[in-house]
Structures are given as structure tokens and as C-alpha cells.
Amino acid sequence: MSITIQNVAADTAVVCIGKALDFRNAAEFKQACQSRIDGGTRSFVLDFSGTGILDSTGLGAVFSLYRQLTPLGGQVVFAAVSRPVQVVVQLTRTYKVFRQYPSVEAAQQQLLSRSTSNGSRAGAA
Amino acid sequence: MSQQIQFQDLGTVVEDLHGLFECWEDDEAFLPPLDTFTREVMKLAIHEWVANLVQHADFSDRTPLIQLVVQANGKSVRCKIEDNSRGFDFDLQLARQHDKVVETTVPPDRGRGLLMMIACTENLRYHQPSPLPSADGHHRLEFSISASKKPWIDIPF
């Protein structure tokens, strides 16, 4: 169950969760994200397309990432949420914390446009 | 509608379990009467308990045996998961999880499985022979999930 991460911008990465994020690979997920944070990544798009299980340990790892990023001005968003993951999101009301997008592309577009907008405002100031 | 299956390899039981879930979906084994949400909650609860067994159960020198029985009855489903481990003090572990997760300012990354199971199931019971640890007894977790109840898990993450 390998998790793949790809930076689509200097500070934005897409994490392809794959079939599962659970007790078996939560540590791998955390380590992979940590290395990106150390390299300056602040926004993470979690691609849940095809994910068959997100258990309590996996969700805990996602929240751990969220708590680490929030003080840094970063964010975690969900994309292409599969049916099993959507049920977990509803059960835990996680939709109140993590914005969801129908696709990775939609998430990237929104995050990158915000990043550009912030940069413009900073430049104008 | 009833399904019964046994697992004996702790190294592959979770993968085998989810392969079984996929077969059930393909075969529409529980359609009707269980709706999608109820089926997914059922799978999550079963996964959480099996994950608990894989990570924490003491099977000593015996060949692990995990038996899953799922019975759909009307718009509810009843699950029984029996194992031949040495068992554990369910109430004590639940209390410890509660203290670590709920009674804390910084929630831990792990240790919510039992709390999640309690929150999203009904009539959850852990049957164990006494005294513990059990040398040759079987332990059984039972719970039901009703389609008429839409649970939500109020646990800090």
C-alpha cells in the first residue's frame, strides 16, 4: 500500500492515498508528508479516489498533519473522496474541517489561484 | 442474508477482509435491505475490530483464528467476530482510550478504534470466558448496525 506524493507547486503537493490509509500505513503517510513540510510544502491535496478504507488511525494521521500545518498557515484538503471515505467524513463531521473538491484538478486550481492571489496582494502592498 | 468466513493469517487478514467486502459489493450480497451508508459503517466497524486484533491481540503460540459472521435482518445487520486470542479487559481498554483521547488537550494520533466502534454501532458486547487470560477459550465481539439510525462520532481528533 504505497502512498505517492507529488509537488505540483513549490508549496503544494498532491498525496495519492491509494487503496487505504489505515493503521498499516499511517506512519508512512506521516513520514512522507513530513519530508515535504521540511522542504517548504504547506498545502496538501489528499487524493482519495479509489480509497477503500480510512480508519481511525488513518484519520488521526490526517489530523496530525492538519495540526502541524495550521500554525504555518498551511492547509489540508480532500479531493475525489470515495464512498467509504465519505462515510467516515460524515460520521466524524470532518467536512467541517477539511474542504472537499470533486477532483484533484479542482483542488489544485483553487489552491494555486489562492496562492497567486496572496502573492499579488503582497506585491501590491 | 448471512455470511460466515474464517481468517487465520494475521499478515493478510485485513487485505483478505477488504477483498471479501468487494466481493459482497459485486455480488450485492446485502442489497436489499441495507443501504450504502449502513454497509460502509458495517465495514468500518469490522475493520476497526480486526485491526485491533492484529495490532494488540495475544494469540501466544496458537494458530490465530478469526471468524466473522454477518447477518442482515430487515434493515439492520448483526456482526459477530470471534477469535481465539487470550482476550483482554475491554472495559479497561475503553476507559484508557477515553482518558487519552477525550480527557486531553492534545488528541493523540492513534487509539480511537474502540471509541469509534462504540459510537457507530448498537448493542456492542464483548464476550469473554473468565478468568483472563484465557488459555483455550474464544472471545466474541458482537454488535448491530441499524439503517434507521444515522450515527455520528463525537470524538476529538
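This is a predicted model: local features need pLDDT of at least 70, side-chain atom pairs count only at pLDDT 80 or more; totals for chains, interfaces and linings use all residues.
## Chain A

Chain A contains four helices and seven strands. Starting at the N terminus, its elements follow the order β-β-β-α-β-β-α-β-α-β-α. Along the principal axes, the C-alpha atoms of chain A occupy a box of roughly 45 × 25 × 20 Å. The radius of gyration is 14 Å, which agrees with the value near 14 Å that a compact globule of 125 residues would have.

Buried residues make up 42% of the 125 residues of chain A. When contacts in chain A between residues at least 6 apart in sequence are considered, 72% of them link residues at least 24 apart.

## Chain B

Chain B has four helices and five strands, and its pattern along the sequence is β-α-α-β-β-α-α-β-β.

Of the 157 residues in chain B, 32% are classed as buried. Contacts in chain B between residues at least 6 apart in sequence join residues at least 24 apart in 69% of cases.

## Packing of H1 and H2 in chain B

Two packed helices are described by the angle between their axes and the distance between the axes. Helix H1 of chain B covers residues 13-27 and helix H2 of chain B covers residues 36-56; their axes are 10 Å apart and meet at an angle of about 165 degrees. An angle over 145 degrees counts as roughly antiparallel, and H1(B) and H2(B) are therefore roughly antiparallel to each other. The crossing of H1(B) past H2(B) is right-handed.

On the H1(B) side, the contact is formed by B:Val13, B:Val14, B:Leu17 and B:Phe21, while H2(B) contributes B:Lys43, B:Ile46, B:His47, B:Val50, B:Ala51 and B:Val54. By class, the residues of this contact between H1(B) and H2(B) are eight nonpolar, one polar and one charged.

## Contact between the chains

Chain B places 22 residues in the contact between the chains, and chain A places 20 residues there. On the side of chain B that touches chain A, at least two residues each come from H1, H2 and helix H4 (113-120) of chain B. H2(B) gives the largest share of that side, with 10 residues. The side of chain B that touches chain A consists of 11 nonpolar, five polar and six charged residues.

B:His18 sits in helix H1 of chain B. This residue counts as buried, having 20 C-beta neighbours inside 10 Å, a number that just meets the cut-off of 20 or more. Leaving aside residues up to four places away in sequence, B:His18 touches A:Gly52 and A:Ile53. From C-alpha to C-alpha, B:His18 and B:His47 are 8.3 Å apart in space, with a separation of 29 residues in sequence.

## Helix H3 of chain A

Helix H3 of chain A spans residues 83-92 and is mostly covered, with eight of its 10 residues buried. The buried residues of H3(A) are A:Pro84, A:Val85, A:Gln86, A:Val87, A:Val88, A:Val89, A:Leu91 and A:Thr92. Their cover includes strand E5 (53-54) and helix H2 (56-69) of chain A, together with H2 and H4 of chain B.

## Positive phi values

Most residues other than glycine have a negative phi, and most peptide bonds are trans.

In chain B, the loop between H1 and H2 holds B:Glu28. B:Glu28 is not a glycine, yet its phi is positive at about 50 degrees. With 8 other C-beta atoms within 10 Å, B:Glu28 is exposed. B:Ser60 lies in the loop between H2 and strand E2 (66-73) of chain B. The phi of B:Ser60 is also positive, near 50 degrees, in a residue other than glycine. B:Ser60 counts as exposed, with 11 C-beta neighbours inside 10 Å.

Key:
Residues are numbered from 1 along each chain as its sequence is written. Chains are lettered from A and ligands numbered from 1 in the order in which they are written. A residue is buried if 20 or more other C-beta atoms lie within 10 Å of its own, exposed if 12 or fewer, and partly exposed in between; C-beta atoms are placed from the backbone. Two residues are in contact if their C-beta atoms, placed from the backbone, lie within 7 Å. Axes are lines fitted to C-alpha atoms, for helices over the stretch in contact, and angles run from 0 to 180 degrees between N-to-C directions. Angles under 35 degrees count as roughly parallel, over 145 as roughly antiparallel, 65 to 115 as roughly perpendicular and the rest as oblique. A crossing is left-handed if the near helix is turned anticlockwise from the far one by less than a right angle, and right-handed if clockwise. Ala, Val, Leu, Ile, Met, Phe, Trp, Tyr, Cys and Pro count as nonpolar, Asp, Glu, Lys and Arg as charged, and the others, Gly among them, as polar. The radius of gyration is taken over C-alpha atoms; the globule rule is 2.2 Å times the number of residues to the power 0.38.
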